[in-house]
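Here is a short note to read beside the model. Please keep the structure open and check each point against it.

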Amino acid sequence: MPTDPLPDLAADFVPFATAALDFHRAINLPAGPMAAHRTELDALHAHLTALYGLLDAHTARTTPVAEAEGDHLRACRIRLWQAAEHLHDAFHSAPRPGTGRLPTREACRARLPEGAPELTICQRHMATSVQVRRAHTPADLRDPFTGLIRH
């Protein structure tokens with residue numbers, strides 16, 4: 001059964017984003033052991049949430065016409081959100097600016113907002129979580145990755 005030809009895409013910026021990440025890693029990360037800086041974790045979280053949005057759009061467009069491919073994209077989207085959650089938690093566990101001190105276990109458990117500019121990551125995380133809750137069940141989001149897809 002013939003299909004319609006794919007539309008011409010605008011300039012593809014994803015390879016440039018990938019190259020920029022590789023370049024960033026090569027020139028900005030020291031060789032020795034060192035805790036990740038909160039600014040870096042915030043930027044990575046922004047990158048992952050943007051990538052989640054891109055995959056969400058691809059999943060919505062693909063699933064109606066290619067169910068198996070859409071199912072794989074959906075699984076990828078879930079894993080990206082899980083990674084974004086871990087980055088968010090890592091941000092709040094990272095050394096505090098100015099003092100360089102690590103938060104206490106009690107402060108980590110309380111999960112209280114730290115105020116601006118640290119609150120920006122929380123605002124982005126909450127905005128994306130609304131989209132995530134509409135698209136996935138709690139069981140989807142907490143399920144460990146098994147690699148098994150139904151197709």
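What share of the contacts in the protein chain between residues at least 6 apart in sequence join residues at least 24 apart? The share is 73%, where contact means heavy atoms within 4.5 Å.

1. Basis. This is a predicted model, in which local features need pLDDT of at least 70, side-chain atom pairs count only at pLDDT 80 or more, and totals for chains, interfaces and linings use all residues. Residues are numbered from 1 along each chain as its sequence is written, and side-chain values use heavy atoms, with hydrogens and water left out.

2. Overall make-up. The protein chain has 6 helices and 0 strands. Its pattern along the sequence is α-α-α-α-α-α. Helices (H or I, at least four residues) and strands (E, at least two) are DSSP runs, numbered from the N terminus. Of the 151 residues, 25% count as buried. Buried means under 20% relative accessible area, exposed means over 50%, and partly exposed is in between (1.4 Å probe, protein chains only).

3. Surface. The accessible surface of the protein chain is about 10900 Å². Carbon and sulfur atoms account for 63% of that surface. Areas come from the Shrake-Rupley method with a 1.4 Å probe; for residues, only the protein chains shown count as cover.

4. Salt bridges. A search of the whole structure finds 3 salt bridges. The criterion is a side-chain nitrogen of Lys or Arg within 4 Å of a carboxyl oxygen of Asp or Glu. Side chains of opposite charge can pair when their charged atoms come close. The next three points take the bridges in turn.

5. D56 and R77. The closest N and O atoms of this salt bridge are 2.5 Å apart. The pair links distant parts of the chain: D56 sits in helix α2 and R77 in helix α3, 21 residues apart. Are these two residues buried or exposed? Both D56 and R77 are buried. R77 counts as buried because its relative accessibility is 6%. Helix α3 spans residues 67-93. Leaving aside neighbours within four places in sequence, R77 is in contact with Y52, L55, D56, T59, A135 and H136.

6. R124 and D42. Their side chains meet in a salt bridge at 2.8 Å, N to O. This pair also links distant parts of the chain, with R124 in helix α5 (residues 119-135) and D42 in helix α2, 82 residues apart. R124 has 18% relative accessibility, so R124 counts as buried. D42 has 21%, so D42 counts as partly exposed.

7. R25 and D22. Here the closest N and O atoms are 3.8 Å apart. Why are R25 and D22 separated by about one helical turn? Because they are 3 residues apart in helix α1. D22 counts as partly exposed, because its relative accessibility is 40%.

8. T49. This residue lies in helix α2. T49 is at 10% relative accessibility, so T49 counts as buried. Leaving aside neighbours within four places in sequence, T49 is in contact with A84, R124 and T128. T49 and R124 are 75 residues apart in sequence, yet 8.0 Å apart in space, C-alpha to C-alpha.

9. Aromatic pair. How many aromatic pairs does a search of the whole structure find? It finds 1. Y52 and W81 form the pair, edge-to-face, at 6.4 Å centre to centre and 65 degrees between the planes. Y52 is in helix α2 (residues 38-62) and W81 in helix α3, 29 residues apart. Rings of Phe, Tyr and Trp (its six-membered ring) pair if their centres lie within 6.5 Å; planes under 30 degrees apart count as stacked, over 60 as edge-to-face and the rest as tilted. Both Y52 and W81 are buried.

10. Charge over a ring. R38 lies over the face of F91, 4.3 Å from the ring centre. The test is NZ of Lys or CZ of Arg within 6 Å of the ring centre and within 35 degrees of the ring normal.

11. Nonpolar patch. V14, L51 and L54 form a nonpolar surface patch with about 210 Å² of accessible area together. Patches are made of residues with over 30% relative accessible area and no salt bridge; like charges are joined within 9 Å, nonpolar side chains (Val, Leu, Ile, Met, Phe, Trp, Tyr) within 5 Å. V14 lies in helix α1 (residues 14-28). V14 has a relative accessible area of 44%, so V14 is partly exposed.

12. Loop. G100 is in the loop between α3 and α4 (105-110). G100 counts as partly exposed because its relative accessibility is 46%. G100 and H37 are 63 residues apart in sequence and 9.9 Å apart in space, C-alpha to C-alpha.
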